[in-house]
Amino acid sequence: MGNAVAVVTDSTAYLPSGPAGRHGLTVVPLQIAVGGATRDEGDVGAAEAVRALRERHAVTTSRPSPGRFAAAYRSVVDAGAREVVSVHLSAAMSGTVEAARLAAADASVPVRVVDSGTIGMGLGFAALTAASVALSGGTSQEAADAALRRARLTRSLFYLDTLEYLRRGGRIGAAATLLRSALMVKPLLHIAGGRIAPLEKVRTSARALARLEELAVAEAGGLHVDLGVQHLAASARADALAARLCERIPHVADVYVGEVGPVIGAHVSPGMLGVVVAPHL
């Protein structure tokens, strides 16, 4: 018999399989098209997307269909769930939340859809929080509220070598203000208002990475936090940054280091490095 409240998220949470499995999360994949062939994220690796981007092949992404969400909701109901909490990436960046809501309207049990307002491990920590509440016997309302509170507390900071891929993918948003000086700066960005926004302009990559570390340490302060360090084709830098953050931040619980998948990878540059600081509730 499954949990009374099931939690569903999407593949852009980029959760390691261990925590996702232990928390009983169901993950619905977004889609990516490389060279015209559309596949689920997970069936396409980040390396393939990076190679296609560098060779200037067409790489596009799309939301899951409402039918995919409907199938996920039926699956958890068949396993015993009486309610569902569905936690997803920012509606300002994707139609995923809309597709989930369309499926929720026809589901056989109540489905609460949460727009996390973020992406990557910011979404991942929100989904894990919802699942923890559900596993502890909380209601779907309590799980959804906890996910939203965690997402709002979480800060997502990241460094890009170039804004070109964001521009190509149409996700550049307010960061477009940096394009005029893109050749002279290395941009630091963050998620604000559900969108990618400029944070600071730094002259060199070394200074940008040092500043990224400083900002993450400042965001954590003396709080008890979880950390996500994510990258695209920059595993050594990610591992080194995670180690330094663990030395400098006094109250770190869980640390997840990993490469983003091709859906995010299609919109950021190889060499991307990001830090997610998620204070505990």
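I began with a definition that the strand entries rest on: two strands count as paired if DSSP finds at least two bridges between them. The model I was reading is a predicted one.

**Entry 1, β6 and its partners**

With that criterion in hand I looked up β1 and β6, and found that they run parallel and are joined by four bridges. I then turned to strand β7, residues 111-115, which pairs with β6 in the parallel sense over five bridges; here H88 stands opposite D115. I also checked burial along β6 and recorded that five of its six residues are buried, so the strand is largely enclosed by the rest of the structure.

**Entry 2, the three-stranded sheet**

Next I went to an open sheet of three strands, whose order is β4-β3-β5 and whose pairing is antiparallel. Its edge strands are β4 (37-40) and β5 (59-62), each of which pairs on one side only, and I noted an average twist of 25° from one strand to the next. Between strand β3, residues 31-34, and β4 I found four bridges in the antiparallel sense, and I marked A33 as standing opposite T38 in β4. Looking for what covers this sheet, I found that α2 lies across β3, β4 and β5, and runs at about 45° to β3.

I then asked which residues have the most contacts inside the largest nonpolar core. That core has 43 residues, and the ones with the most contacts inside it are V7, L25, V85 and V87. Among the elements that each supply at least two of its residues are β1, α2 (46-54), β6 (83-88), β9 (186-192) and β13 (273-279), while α5 gives the most, with nine residues. I noted as well that this core draws at least three residues from each of domain 1 (5-29 + 64-153) and domain 2 (155-279). For L25 I listed the contacts, leaving aside neighbours within four places in sequence: they are V7, L15, A20, A127, L128 and A131. There is also a second, separate core of 22 residues, which includes L188, V202, L227 and V277.

Where does T154 sit? I placed T154 in the loop between α6 (140-153) and β8 (155-159). Since buried means under 20% relative accessible area, T154 qualifies because its value is 10%. A polar atom of its side chain lies 2.7 Å from the backbone oxygen of R150. Beyond four places in sequence, T154 is in contact with G122, V276, V277, A278 and P279.

Y14, which is not a glycine, has a positive phi near 50°; Y14 lies in the loop between β1 (5-10) and α1 (17-22). A233 is not a glycine either, and its phi is positive at about 55°; I found A233 in the loop between β11 (225-231) and α9 (235-248). Are these residues buried or partly exposed? Y14 counts as buried because its relative accessibility is 15%, whereas A233 is partly exposed, with a relative accessible area of 45%.

Technical notes:
Residues are numbered from 1 along each chain as its sequence is written. This is a predicted model: local features need pLDDT of at least 70, side-chain atom pairs count only at pLDDT 80 or more; totals for chains, interfaces and linings use all residues. Side-chain values use heavy atoms; hydrogens and water are left out. Buried means under 20% relative accessible area, exposed over 50%, partly exposed in between (1.4 Å probe, protein chains only). A polar contact is a pair of N or O atoms within 3.5 Å; within protein, one must be able to donate a hydrogen and the other to accept it, and residues adjacent in sequence count only if both atoms are side-chain atoms. Contact means heavy atoms within 4.5 Å. A nonpolar core is a set of buried Ala, Val, Leu, Ile, Met, Phe, Trp, Tyr and Cys residues joined through side-chain atoms within 4.5 Å. Domain bounds come from an automatic or database domain assignment. Axes are lines fitted to C-alpha atoms, for helices over the stretch in contact, and angles run from 0 to 180 degrees between N-to-C directions.
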